[in-house]
Amino acid sequence: MYCPLCGRTVEENQKFCAECGHSLAGVTDLTEALPVTSSRADPTNVVSEPNDGQPGVTLDQLAPLPDDELPGDELPDIAALPTQEISARPPIPDPDWETPTGDVPLTPPALDLAPLVTTGEVPTVINAAEPRVDVLATTQIPAQRDAADTAAALGDIADEVPELFDDPDNLYEYPPGRDPFKVKLVFILAFFGAIAVLMAAVADIIDIRTSAPVDGIATGVRTLDTLGTNLAVAGFVGATVIVLGGLLACFGFRWGAGLVGGAGLALAGWATMVLGLAEQRIASAESMTRQTTDIAFTLRVTRDLGFWLIVAVAVIGLVVFVASLRSFGTGGKPALNPWIAALGAVAGVVLVAGPLLPEGTATFANNYSSAATVTDVPTVYFAGRLIQLALIGGAIVFGLLIVRAYGLGLAAGGVSVAFWMWVSSQLGMGTNPLGVAAGNFGASNSTPHAVTTAGMTLTLVMLAVSAILATVSHQRQMRRY
């Protein structure tokens, strides 16, 4: 027996071929011998049944094979088997790897357009001006464009589009998108600060009473209008700016965040000056009480709701400024012009120096000490004036020198309240308008000092120029993208 796959001799009951591993199921299994009959009547002697009129065949009718035709144990000789002659084919020629030189026109194979015409289809039109492609070529090498032609074709593009990555100076940071509207803490604080200002404008600040009339002591309720006829409107201006800046900060404007921070400082300075004016009235009444000895009376001083609302305005203003510092970054915006910003900072210094210059018989020492020996001016009054000037100057100088959009808003917000006090005192609005920091010591009227006017004017001009240049720079930056 042989393996049907590789032809190797195998034994009975062998499961797999030892040569190739092929399964020998059905090949080496033992079979049962069939009995042999020699009679037609014996059904076991029948090899095939009659079919279609043909007689059946029995074992007796089968002739034995000659001995030379019996199958042997060896495989047939493969060389002796008949073979079919295969005609030889010509060898495949080697491809031509030679690189073509120049712009050699390649002729495409002819297209048979007859079937397309007969079927009604529109044949494809080949543009003779386009470079032809040899579809039978092994490798297609594009024709090289002349360097002069390339430079001429790209000349117009090079004039309009700057080359990138040729120098670090040509790399720009893409400005990030503005955040969507979101209510921020700085807006909530600004809103409460504005409410406090509005309430303080109609509330009583202090109430001075005596049990008997005394010369030199002005009794009664003091409000913002009695302390200064332009103080209430100055508070309204600061409240408007602080709310507007907080709203712009919610829209993602960094200069809006600076505006709310600067207005917070302006209101804080305004509040400290109002507190100083109120304490000055109280100190004056107490001084007259100590000097009056011929009349027995009782002095009663009450710091009413308006006084504490003013204190709240000062605290909220400082907190608003601190909260606005979260938007201190540039936000991808171009910086302010440093020279214009420096001039604006100098103008801010001149502005805050103006109210400190004495007029008439006053001296510079009157800015921090009382000139009269009878009536002692309280320290709170001096501190209120100096704090207001310091907050105004700090907002302008610091805001402009950081040359950022936030700083520009900070400077504008910081000068907002002082601007109204300067305008109203310059125009003489009301019976008792107060200038910046309550004016100059020794002045005979409410007109601001010339230095104060020069500083305010120059500050406003520098703020306007800085804002215009920042807008132009921002528009140029956006056009790059």
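Predicted model: local features only at pLDDT ≥ 70, side-chain atom pairs only at ≥ 80, totals over all residues.
## A sheet and some cysteines

D207 stands opposite T302 in β5. Residues are numbered from 1 along each chain as its sequence is written, and side-chain values use heavy atoms, with hydrogens and water left out.

**The sheet**

- Strand β3 covers residues 206-210 and runs antiparallel to β5, with 5 bridges joining the two.
- Strands here are DSSP runs (E, at least two residues), numbered from the N terminus, and two of them pair if DSSP finds at least two bridges between them.
- The order β4-β3-β5 makes an open sheet of 3 strands with antiparallel pairing.
- β4 (220-222) and β5 (299-303) are the edge strands, and each has a single partner strand, so one side of each has no neighbour in the sheet.
- On average, neighbouring strands of this sheet are turned by 15° against each other, direction ignored; the axes behind that angle are lines fitted to C-alpha atoms, and angles run from 0 to 180 degrees between N-to-C directions.

**The cysteines**

- Searching the whole structure turns up 0 disulfides, a disulfide being a pair of cysteine sulfur atoms within 2.5 Å.
- For C3, the nearest cysteine sulfur belongs to C17 and is 3.7 Å away.
- For C17, the nearest cysteine sulfur belongs to C6 and is 3.5 Å away.
- C3 counts as buried because its relative accessibility is 3% (buried means under 20% relative accessible area, exposed over 50%, partly exposed in between, with a 1.4 Å probe and protein chains only).
- C17 counts as buried too, at 4% relative accessibility.

How values were computed:
Helix = DSSP H or I, 4+ residues; strand = E, 2+ residues; numbered from the N terminus.
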